[in-house]
Amino acid sequence: MASASPPPSILRPRARLAATAPARRSARRGGAGPGFRERGRKRRKDKTGSGAGTYGGRRGTSQDGGCRMMRFMLLFSRQGKLRLQKWYLATSDKERKKMVRELMQVVLARKPKMCSFLEWRDLKVVYKRYASLYFCCAIEGQDNELITLELIHRYVELLDKYFGSVCELDIIFNFEKAYFILDEFLMGGDVQDTSKKSVLKAIEQADLLQEEDESPRSVLEEMGLA
Amino acid sequence: MSDIVEKTLTALPGLFLQTPGAGGPAAARAPFSSRLGGLIRGITALTSKHEEEKLIHQELSNLKAAVSAPTTTLKMMKECMVRLIYCEMLGYDASFGYIHAIKLAQQGNLLEKRVGYLAVSLFLHESHELLLLLVNTVVKDLQSTNLVEVCMALTIVSQIFPQEMIPAVLPLIEDKLQHSKEIIRRKAVLALYKFHLIAPNQVQHIHVKFRKALCDRDVGVMAASLHIYHRMIKENSSGYKDLTGSFVTILKQVVGGKLPVDFNYHSVPAPWLQIQLLRILRLLGKDDQRTSELMYDVLDESLRRAELNHNVTYAILFECVHTVYSIYPKSELLEKAAKCIGKFVLSPKINLKYLGLKALTYVIQQDPTLALQHQMTIIECLDHPDPIIKRETLELLYRITNAQNITVIVQKMLEYLHQSKEEYIIVNLVGKIAELAEKYPLFEP
């Protein structure tokens with residue numbers, strides 16, 4: 001039984017997060033440890049013929065539903081495994097896969113001392129690595145890269161607060177929660193500068209039952225069960 | 001009353017299955033025995049792409065059977081949906097599940113509805129034929145007495161909604177602008193922003209309501225309205241000059257720390273809000289002396305306040321500098337801004353250097369002496385190991401070419417071209433070189 005030391009958060013990684021699940025978590029997950037060891041596999045090329053549908057008739061990229069500050073956000077591991085993808089512009093599936101592939105290649109090739117910004121196609125990509133996860137945001141060319149970097153950091157802080165010392169495994173196993181938080185924070189691609197509390201409260205509210213003020217408080221609370 | 005009891009009783013099993021201490025870290029993590037967990041562990045144990053394909057195809061056929069089976073409960077459907085999202089993320093097609101995502105959003109309880117809506121936002125796109133089916137669910141949820149459902153409906157609308165059906169929900173959303181809860185008002189504003197983006201004519205008549213949102217007592221709602229204003233001012237700045245005073249006042253309050261402490265990000269008050277306001281002021285003050293004069297004070301204040309050594313402060317400074325240079329010029333402000341740029345360019349931190357170079361490209365035409373001041377640094381950056389810095393320097397040099405330095409600059413550009421593999425950059429650079437060649441006909445010795 002491991003000593004009660006908290007698992008390293010991606011926000012404050014103590015040691016190289018070698019993706020072996022910390023002992024405490026592996027006990028909870030029924031020995032998930034060995035399964036997540038980084039195998040150092042080469043990033044697999046995505047075969048387009050793998051049955052992924054191409055949806056014909058998508059609108060072109062430029063005249064999409066309005067230009068938001070953010071075009072898309074990706075989270076991926078150092079091995080090039082996608083953990084989260086949120087697109088704020090309309091593109092075909094095929095195009096997206098191509099973009100993800102290319103971008104991962106470019107970002108993974110960057111050396112540690114380099115800028116956190118890079119130019120890619122007609123977009124600027126802002127990326128930051130937290131432990132074993134890369135957070136990537138694509139913004140319009142003229143946008144402020146530095147504030148986007150802080151946006152990424154803010155998102156990680158929110159995740160950290162919600163999960164309590166978040167690590168990559170949390171995001172892998174609970175990616176839908178990560179999406180909920182992202183959507184609350186970046187509604188449709190624009191940053192909502194709200195208090196950190198209100199973002200998390202909105203998520204947690206949906207984790208419980210909530211009724212409008214006119215109706216009596218949740219029956220659970222009245223019965224003292226909440 | 002019985003309605004609520006019924007709702008509560010149906011939700012009870014779901015609630016009890018969550019780890020106790022609902023909300024917060026404990027409830028955040030999925031139970032380790034989830035099927036998604038099993039799938040993920042299964043995939044990670046494999047070593048080849050081929051095996052992964054086999055496993056996923058197997059999983060997808062299981063899921064296909066599960067979603068179409070009449071015995072599948074909504075709770076099981078939610079679980080299936082999560083796995084479907086996962087498979088699509090890995091690059092496999094799960095389009096058979098799309099209709100079920102909509103159904104889940106329609107019929108599920110809160111937790112299931114949430115996953116259903118998420119799946120819809122990830123699976124579908126604006127012109128997808130299934131999107132129309134979402135409208136009914138959204139209409140129903142907008143009218144729900146349960147606030148969380150209303151929030152979910154508004155969130156999905158601000159992400160994806162069929163343009164032709166805007167009239168169906170517009171009155172409902174307009175109604176929410178006066179809701180007592182600020183989160184609903186805020187989300188309603190954002191939903192209307194989305195409508196403005198995809199169909200501006202349809203929200204033409206409610207511009208007056210946006211003004212109300214701008215004056216809302218809740219900061220979040222006000223901040224949300226700024227997105228719309230930024231867009232509208234971008235399209236037509238003259239129509240909104242009268243609001244300059246309001247924006248200046250808001251910015252003064254933010255910079256002066258009048259917002260609740262909650263809105264601080266690393267001791268900086270509402271940085272994104274500040275930046276949004278600076279951008280709006282930039283558009284309003286351009287080529288307009290009278291309007292610009294209204295902002296000089298607050299810009300001066302922003303330049304002064306941003307003294308902390310944090311990235312977010314530098315980001316705000318950058319926007320401030322950009323604004324100072326874009327509006328009607330004032331020499332004291334320009335001096336301060338130039339000093340700022342100097343600090344950036346000379347900074348050892350590479351991100352700041354990049355920002356400094358970028359700022360220089362914006363201001364260089366207005367103030368060429370600035371380039372002279374920093375010419376040593378610029379020359380160093382030309383040979384910087386990071387290609388992005390090099391590129392930005394070339395961008396800068398492109399703007400200050402003259403007969404003397406043209407040869408050197410084009411030479412450097414050609415060097416960069418040789419080692420660049422990015423198609424877009426190559427095309428861009430070649431275009432620039434061609435332009436310069438026309439401007440300065442060179443003789444080849």
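This is a predicted model: local features need pLDDT of at least 70, side-chain atom pairs count only at pLDDT 80 or more; totals for chains, interfaces and linings use all residues.
**Figure 1. Overall composition of chain A.**
Chain A contains seven helices and five strands. Read from the N terminus, its elements follow the order α-β-β-α-β-β-β-α-α-α-α-α. The chain comprises 226 residues, of which 62% count as buried. When contacts in chain A between residues at least 6 apart in sequence are considered, 57% of them link residues at least 24 apart.

**Figure 2. Strand β1 of chain A and its two partners.**
Strand β1(A) spans residues 70-77 and is mostly covered, with eight of its eight residues buried. On one side of the pairing scheme is strand β5(A), residues 133-140, which runs antiparallel to β1(A) and is joined to it by seven bridges. The other pairing described here is with strand β2(A), residues 82-87, again in the antiparallel sense, over five bridges. In a regular strand, side chains alternate between the two faces of the sheet.

**Figure 3. Met73(A) and the β1-β2 hairpin.**
Met73(A) lies opposite Cys137(A) of β5(A). Its bridge partner in β2(A) is Lys86(A). Strands β1(A) and β2(A) form a hairpin in which four residues separate them. Within that turn, Gly80(A) adopts a positive phi of about 80 degrees.

**Figure 4. Overall composition of chain B.**
Chain B has 24 helices and two strands. Its C-alpha atoms fill a box of roughly 80 × 55 × 40 Å along the principal axes. Of its 445 residues, 58% count as buried. Among contacts in chain B between residues at least 6 apart in sequence, those joining residues at least 24 apart make up 64%.

**Figure 5. Packing of helices α5 and α6 in chain B.**
Helix α5(B), residues 74-89, and helix α6(B), residues 98-107, have axes that come within 10 Å and cross at roughly 140 degrees. The two helices are therefore oblique to each other, because an angle counts as roughly antiparallel only when it is over 145 degrees. Their crossing is left-handed. Helix α5(B) contributes Leu74(B), Met77(B), Lys78(B), Met81(B) and Glu88(B) to the contact. From α6(B), the residues involved are Tyr98(B), His100(B), Ala101(B), Leu104(B) and Gln107(B). By class, the contact residues of this pair comprise six nonpolar, two polar and two charged.

**Figure 6. Packing of helices α23 and α24 in chain B.**
Helix α23(B), residues 406-419, packs against helix α24(B), residues 423-439, at an angle of about 160 degrees, and their axes are 10 Å apart. That angle makes α23(B) roughly antiparallel to α24(B), since the cut-off for this class is over 145 degrees. The passage of α23(B) across α24(B) is left-handed. On α23(B), the contact involves Ile406(B), Val410(B), Met413(B), Leu414(B), Tyr416(B) and Leu417(B). On α24(B), it involves Ile425(B), Ile426(B), Leu429(B), Val430(B), Ile433(B) and Leu436(B). The residues of this contact divide into 12 nonpolar, no polar and no charged.

Methods:
Residues are numbered from 1 along each chain as its sequence is written. Chains are lettered from A and ligands numbered from 1 in the order in which they are written. Side-chain values use heavy atoms; hydrogens and water are left out. Buried means under 20% relative accessible area, exposed over 50%, partly exposed in between (1.4 Å probe, protein chains only). Two strands pair if DSSP finds at least two bridges between them. Axes are lines fitted to C-alpha atoms, for helices over the stretch in contact, and angles run from 0 to 180 degrees between N-to-C directions. Angles under 35 degrees count as roughly parallel, over 145 as roughly antiparallel, 65 to 115 as roughly perpendicular and the rest as oblique. A crossing is left-handed if the near helix is turned anticlockwise from the far one by less than a right angle, and right-handed if clockwise. Contact means heavy atoms within 4.5 Å. Ala, Val, Leu, Ile, Met, Phe, Trp, Tyr, Cys and Pro count as nonpolar, Asp, Glu, Lys and Arg as charged, and the others, Gly among them, as polar.
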